[in-house]
Amino acid sequence: MASQWRRDNDDGPADRSPHFFKIILPNAVQEGKLRILDKFVQKFGVDLSDMAFLTIPNGRKWKVKLTQHAGGVWFQNGWSEFASSHGVAVGHLLVFKYEGNSQFHVLIFDATATEIDYTLDDELQVHRIEDDESDDSSVEIIKHFYRGEGSGSAHPKKDGGVAKNLVIANAFKSENPLFTVIMRPSYVNGKDRASLPQDIINYLPRDGFTKDYTKASILPVKLQIVDRLWPVKLYIYERRGGSSCVVSAGWTAFVRENSLQVGDVCVFELIMRDGVLFNVHIFKCQD
């Protein structure tokens with residue numbers, strides 16, 4: 001879906017509103033809260049109130065309480081509702097554009113770096129939460145953090161590194177079809193499978209598929225890095241909700257021999273459609 005702030009800037013000057021990125025990690029899903037980048041808080045924390053407003057491209061606005069603990073500032077009360085309403089899961093990338101006065105515009109990209117389709121509401125509304133527990137999330141606490149107090153605990157760096165890495169990977173251009181995949185824990189833990197973007201199916205040949213007991217359509221393909229090839233298989237599953245594409249049967253060897261880790265980004269470039277061959281460009285995550 002084309003996002004509003006990109007459209008607004010097509011013919012005008014570059015948007016100078018501050019932005020920051022967050023990759024959704026398992027703890028954000030399990031704990032029901034999301035930490036705002038410390039650098040952002042240090043620069044703009046004095047402007048934040050204890051309530052933030054998150055607006056998505058369809059215009060719907062969500063009210064989320066800000067709290068301060070563990071040396072950081074977090075989206076908390078109301079965050080779980082926002083995330084679940086938009087299917088936010090581990091590996092998703094969120095881009096926050098700050099408009100001032102605790103107002104954020106939010107873009108959501110899934111684990112394949114594709115922007116989601118935002119559900120359209122019949123009428124725009126503010127999703128409200130109970131305005132309680134203000135003693136733990138006051139403006140003063142955020143201002144204290146802005147001044148550098150109470151930030152002695154360690155905090156994760158990985159998600160910021162993944163976001164920057166994804167921006168670099170998305171800058172890669174080619175005349176060939178490109179498909180971007182962020183390495184998730186299940187892709188690198190030896191299960192010998194990874195989900196690929198559904199759009200890949202549109203570029204595959206019609207012939208050469210076989211069937212197995214799972215009723216999947218299977219196509220042998222090759223992954224290439226420089227002059228080395230890895231044979232793998234694509235499994236296409238047709239389900240009621242649509243098709244899905246999984247790479248397996250050789251994926252574990254590819255992961256191991258290229259030292260892939262969680263947060264790395266692989267860009268699959270389809271360079272041959274007959275005897276399908278993907279040139280894989282790996283962008284390593286820097287912690």
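Trainee: Let's start with the largest pocket: by class, which residues does its lining have?
Mentor: This is a predicted model, where local features need pLDDT of at least 70, side-chain atom pairs count only at pLDDT 80 or more, and totals for chains, interfaces and linings use all residues. Residues are numbered from 1 along each chain as its sequence is written, and side-chain values use heavy atoms, with hydrogens and water left out. For the classes, Ala, Val, Leu, Ile, Met, Phe, Trp, Tyr, Cys and Pro count as nonpolar, Asp, Glu, Lys and Arg as charged, and the others, Gly among them, as polar. On that basis the lining has 16 nonpolar, nine polar and five charged residues.

Trainee: How much space lies in that pocket?
Mentor: On a 1 Å grid over the protein atoms alone, a pocket is an open set of points where a 1.4 Å probe fits, with protein on both sides within 12 Å along at least five of seven lines; lining residues have an atom within 4 Å of a point. Grid points are joined across faces, edges and corners, and the volume is the space filled by probe spheres set on the points. For the largest pocket that gives about 740 Å³.

Trainee: Which element gives the largest share of the lining?
Mentor: The lining counts 30 residues, with Asp110, Thr112, Ala113, Thr114 and Pro197 nearest the pocket's centre. Elements giving two or more residues are helix 6 (158-170), strand 9 (178-182), strand 10 (193-196) and strand 14 (242-248); helices (H or I, at least four residues) and strands (E, at least two) are DSSP runs numbered from the N terminus. The largest share, four residues, comes from strand 9.

Trainee: What is the bridge partner of threonine 180 in strand 15?
Mentor: Strands pair if DSSP finds at least two bridges between them. Strand 9 and strand 15 pair in the antiparallel sense over five bridges. The partner of threonine 180 is valine 267.

Trainee: How many residues of strand 15 are buried?
Mentor: Buried means under 20% relative accessible area, exposed over 50% and partly exposed in between, using a 1.4 Å probe and protein chains only. Strand 15 (residues 265-272) is mostly covered, and of its eight residues the buried ones number six.

Trainee: In the loop between strand 6 and strand 7, is serine 102 buried or exposed?
Mentor: Asparagine 101 is found in that loop, between strand 6 (93-100) and strand 7 (103-109), and has a positive phi near 55 degrees. Serine 102 also has a positive phi, about 65 degrees, although it is not a glycine. Asparagine 101 counts as exposed at 61% relative accessibility. Serine 102 has a relative accessible area of 1%, so it is buried.

Trainee: Last one: what share of the residues of the protein chain counts as buried?
Mentor: The chain has eight helices and 16 strands. Of its 287 residues, the buried share is 45%.
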